[in-house]
Protein chains: 2
Amino acid sequence: MQAEIISIGNELTSGAIVNTNARWLADQLSQGGLIASTQVTVGDDRVYIEAAIRTAAKRSDLVVITGGLGPTADDLTREGLAAAMDQPLEFHDDSWRQIENYFAQLGRTPGDSNRRQAMCPRTARLIPNSCGTAPGIHAVVHEAAVFVLPGVPREMRAMFERDVDPEVSRLTGERAVVMRTLHCFGAGEANIGEQLSTFMDPARNPQVGTCAEEGVISIRICAQGDSRDEAAALADSDAIAIRNLLGPLVFGEDDDTLASVVGRLLIDCGATVSTAESCTGGLLAAALTDVAGSSAYFQGGFVTYANEAKTQVLDVPAALIVDKGAVSREVAVAMAEGCRRVSETDYALGITGIAGPGGATADKPVGLVYIVLASNAEPTVRECRFPSHLSRRAVRDRACKTALNMLRKLLL
Amino acid sequence: MQAEIISIGNELTSGAIVNTNARWLADQLSQGGLIASTQVTVGDDRVYIEAAIRTAAKRSDLVVITGGLGPTADDLTREGLAAAMDQPLEFHDDSWRQIENYFAQLGRTPGDSNRRQAMCPRTARLIPNSCGTAPGIHAVVHEAAVFVLPGVPREMRAMFERDVDPEVSRLTGERAVVMRTLHCFGAGEANIGEQLSTFMDPARNPQVGTCAEEGVISIRICAQGDSRDEAAALADSDAIAIRNLLGPLVFGEDDDTLASVVGRLLIDCGATVSTAESCTGGLLAAALTDVAGSSAYFQGGFVTYANEAKTQVLDVPAALIVDKGAVSREVAVAMAEGCRRVSETDYALGITGIAGPGGATADKPVGLVYIVLASNAEPTVRECRFPSHLSRRAVRDRACKTALNMLRKLLL
């Protein structure tokens with residue numbers, strides 16, 4: 001079984017954006033047991049689009065295409081598909097009504113240009129879009145099942161899950177693939193890879209691999225079996241063995257994030273948390289509240305960016321800031337404890353540091369961050385020195401994750 | 001002049017990692033005046049690699065390949081290239097000495113597996129790697145210049161800049177390409193596309209296209225000319241015409257974000273801002289402080305997630321919350337004005353709403369968000385009803401962007 005992904009857009013061929021859609025689709029397909037061994041990206045050009053679709057449909061059983069379905073003149077995927085199918089584009093009344101309904105929900109009416117989105121080749125059918133204006137297209141070209149999805153990631157993902165995934169299951173038949181992913185924080189990929197070396201033999205089933213993204217090392221377990229139960233049993237057995245081996249380095253599975261795991265632990269023990277942030281500027285509070293239902297344990301947070309805010313809002317003594325500096329262990333402790341006192345929460349996290357690129361001094365480099373977890377016992381203090389090659393954004397991200405991980409480990 | 005990028009690796013075809021190399025290369029090539037109109041990704045498979053190289057070399061003048069040059073058995077790019085050239089692989093003494101020297105610098109000796117890295121097709125030449133073990137390869141296949149670079153981003157980039165970039169300049173000669181991107185917020189892609197219809201004729205130079213990402217519509221202008229100056233003049237002329245047409249819908253160019261633009265405007269008028277957030281939970285403060293140097297205008301922020309926090313920290317009357325509800329115009333105004341008073345800033349932004357998926361009532365649906373900008377004049381109030389298909393994350397993101405845009409428009 002051959003699958004292929006075609007990504008369409010000048011923003012991709014010019015290098016303006018990273019192709020995250022192709023990665024997401026490849027991941028979904030491989031979880032479904034199909035590896036997209038060829039992936040092609042072409043610009044918004046009818047001739048290139050047509051050629052890519054013709055070639056893919058000849059050599060593959062499933063072709064997933066994204067992008068170029070918008071309402072503007074540079075969206076040419078419909079035209080390219082019609083050419084590859086040697087068919088004209090036709091206007092679909094049903095789809096036009098769906099587009100009109102979508103706009104009506106927003107209290108608007110579609111423009112003339114949106115009419116292009118109701119066009120598709122004669123033997124193809126339009127796929128409704130539940131969260132946007134661009135319908136998708138399903139067609140059969142040279143016996144290959146071809147799905148054209150919008151380039152907007154949210155719309156593309158919803159449509160894939162509803163309309164393409166069942167086709168993947170049908171194509172792969174009985175050979176079942178079960179994927180499990182474990183997420184770790186607090187060690188590097190090489191370190192984790194060495195600990196897992198016996199699992200990572202390429203000839204082994206399940207296949208085990210690691211990948212690193214923004215400080216989180218994810219371990220992918222891909223098990224194959226004659227039935228779904230058999231594959232799941234193999235994947236589960238590996239997941240248990242790896243969890244035993246790595247202990248609390250593993251913080252969660254699949255869709256878990258550090259914030260969602262911390263949230264569950266807080267709910268389990270009926271505890272609350274608040275935040276006092278300087279260099280992370282609200283990112284820690286934003287991560288905690290990214291989790292639906294976080295109002296059960298998150299009271300509130302303070303972004304005390306200016307020194308006066310630290311003093312005024314969190315009662316950090318002005319003299320302490322002058323004496324030790326705003327980026328110091330002592331100020332971080334005072335921020336966390338002041339925050340816990342003011343918010344009347346069980347726990348409080350305080351962060352102060354130098355995210356860069358400016359603000360460094362001889363003894364306080366970019367990447368120096370103090371993180372404090374205040375509770376009814378002695379505060380836990382962590383001095384982090386993030387490597388100098390990390391960007392401002394990465395330093396802030398790692399500081400937040402380290403703070404969440406400190407709270408997670410305390411709650412375990 | 002045609003350029004093509006081939007990315008090789010199972011970690012790409014399985015969706016384990018995002019292909020950032022292809023984006024970086026496409027960006028470099030387009031800056032150099034060559035658009036890589038086709039980009040192909042294949043797995044670590046000799047037959048697929050050979051086919052991709054044969055096809056690319058026939059239709060392109062320059063082919064840049066990354067990945068599959070490592071020392072292990074699953075690195076098959078050398079073999080695929082040799083097959084595409086109908087040549088055997090030969091061992092290169094010079095390159096082997098360079099690999100030995102590289103290891104010697106690290107106080108190590110290369111293993112037997114590294115000998116594979118000194119192999120290349122007879123008429124090709126190996127390119128020294130200044131920061132890793134894998135040499136690159138330069139070959140001519142069907143008159144196309146083919147460069148094979150390592151997959152490790154740091155090594156790939158160094159080698160591209162030293163060895164491929166000069167070839168790009170040679171190929172493009174005097175024909176120059178200049179790209180400009182304008183970013184808009186506050187209208188949909190179709191609406192903007194209709195306003196720009198005369199610019200978006202595919203036969204026109206510059207080429208103009210739009211793409212949408214998380215509420216921001218970006219307009220890309222790609223101008224070609226016989227000299228860089230000529231192309232730049234064409235791009236600038238379009239950028240000015242489009243800005244005149246769209247007015248304040250355009251908030252910035254290239255790397256600008258709403259937060260960085262607001263930051264510059266605040267600095268220009270020496271004003272300060274603070275934030276009071278409920279449903280966005282710190283995301284607005286995080287966006288403002290994502291900009292280096294934001295301490296010049298961002299004082300601090302309050303994440304008043306719980307009702308008591310709104311009352312205690314921002315002096316929102318408890319009776320008002322009971323009477324109107326935490327998600328109401330009146331509470332949003334009280335939050336913003338309380339925040340401005342407590343923080344002593346020129347402006348304050350207050351946000352309260354229902355990000356979902358829970359929390360909705362009959363008259364207050366998910367997506368209802370009140371945003372208030374307090375200043376020394378009457379507060380500006382915006383009632384947003386974000387569409388129901390938006391995720392929690394998207395509602396929070398759009399609310400922050402709308403808030404930043406309100407401040408931007410006031411400052412203009």
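Predicted model: local features only at pLDDT ≥ 70, side-chain atom pairs only at ≥ 80, totals over all residues.
**A walk through the two-chain model**

In chain A, 65% of the contacts with a separation of 6 or more are between residues 24 or more positions apart. Along the principal axes, the C-alpha atoms of chain A fill a box of roughly 80 × 55 × 40 Å. Of the 412 residues in chain A, 52% are buried.

The domain assignment divides chain A into domain 1 (3-172), domain 2 (176-253) and domain 3 (258-411). The centres of domain 1 and domain 2 of chain A, taken over C-alpha atoms, are separated by 33 Å.

S10(A) and strand S11 (residues 216-225) of chain A run antiparallel and are joined by 7 bridges. Along this pairing, Ala212(A) is placed opposite Ile217(A) in S11(A).

Strand S15 (residues 347-353) of chain A is another element to look at. All of its residues, 7 of the 7, are buried, so S15(A) is largely enclosed by the rest of the structure. On one side of S15(A) the buried residues are Tyr347(A), Leu349(A), Ile351(A) and Gly353(A), and on the other they are Ala348(A), Gly350(A) and Thr352(A), which leaves both faces covered. Strands of a sheet can pair in a parallel or an antiparallel sense, through backbone hydrogen bonds. S15(A) runs parallel to strand S13 (residues 273-277) of chain A, and 5 bridges join them. In this pairing Ala276(A) stands opposite Gly350(A). With strand S16 (residues 368-374) of chain A, S15(A) runs antiparallel and is joined by 6 bridges. Here Ile351(A) has Ile371(A) as its bridge partner.

The next topic is the meeting of the two chains. On the chain A side, 71 residues are in contact with 70 residues of chain B. Elements of chain A that each supply at least two residues to this side include helix H2 (20-31), strand S2 (38-42), S10, strand S14 (298-304) and helix H14 (392-411). The residues of chain A on this side divide into 29 nonpolar, 31 polar and 11 charged. Strand pairing also crosses between the chains: S14(A) and strand S14 (residues 298-304) of chain B pair in the antiparallel sense over 5 bridges. Thr304(A) stands opposite Gly300(B) there.

Two features of chain B complete the tour. Helix H14 (residues 392-411) of chain B has 20 residues and reaches 29 Å from its first C-alpha to its last, close to the 28 Å expected at 1.5 Å a residue. H14(B) is mostly covered, with 14 of its 20 residues buried. Phe185(B) lies in strand S9 (residues 176-185) of chain B. Phe185(B) counts as buried because 21 other C-beta atoms lie within 10 Å, where the cut-off is 20 or more. Beyond its neighbours within four places in sequence, Phe185(B) is in contact with Gly215(B), Val216(B), Phe251(B), Leu258(B), Lys401(B) and Asn405(B). Val148(B) is 37 residues from Phe185(B) along the chain, and the C-alpha atoms of these two residues are separated by 41 Å.

Technical notes. Residues numbered from 1 in each chain as written. Chains lettered and ligands numbered in written order. Helix = DSSP H or I, 4+ residues; strand = E, 2+ residues; numbered from the N terminus. Expected span 1.5 Å × (residues − 1). Buried ≥ 20, exposed ≤ 12 C-beta atoms within 10 Å, placed from the backbone. Pairing = 2+ DSSP bridges. Contact = placed C-beta atoms within 7 Å. Nonpolar A, V, L, I, M, F, W, Y, C, P; charged D, E, K, R; others polar. Domains from an automatic or database assignment.
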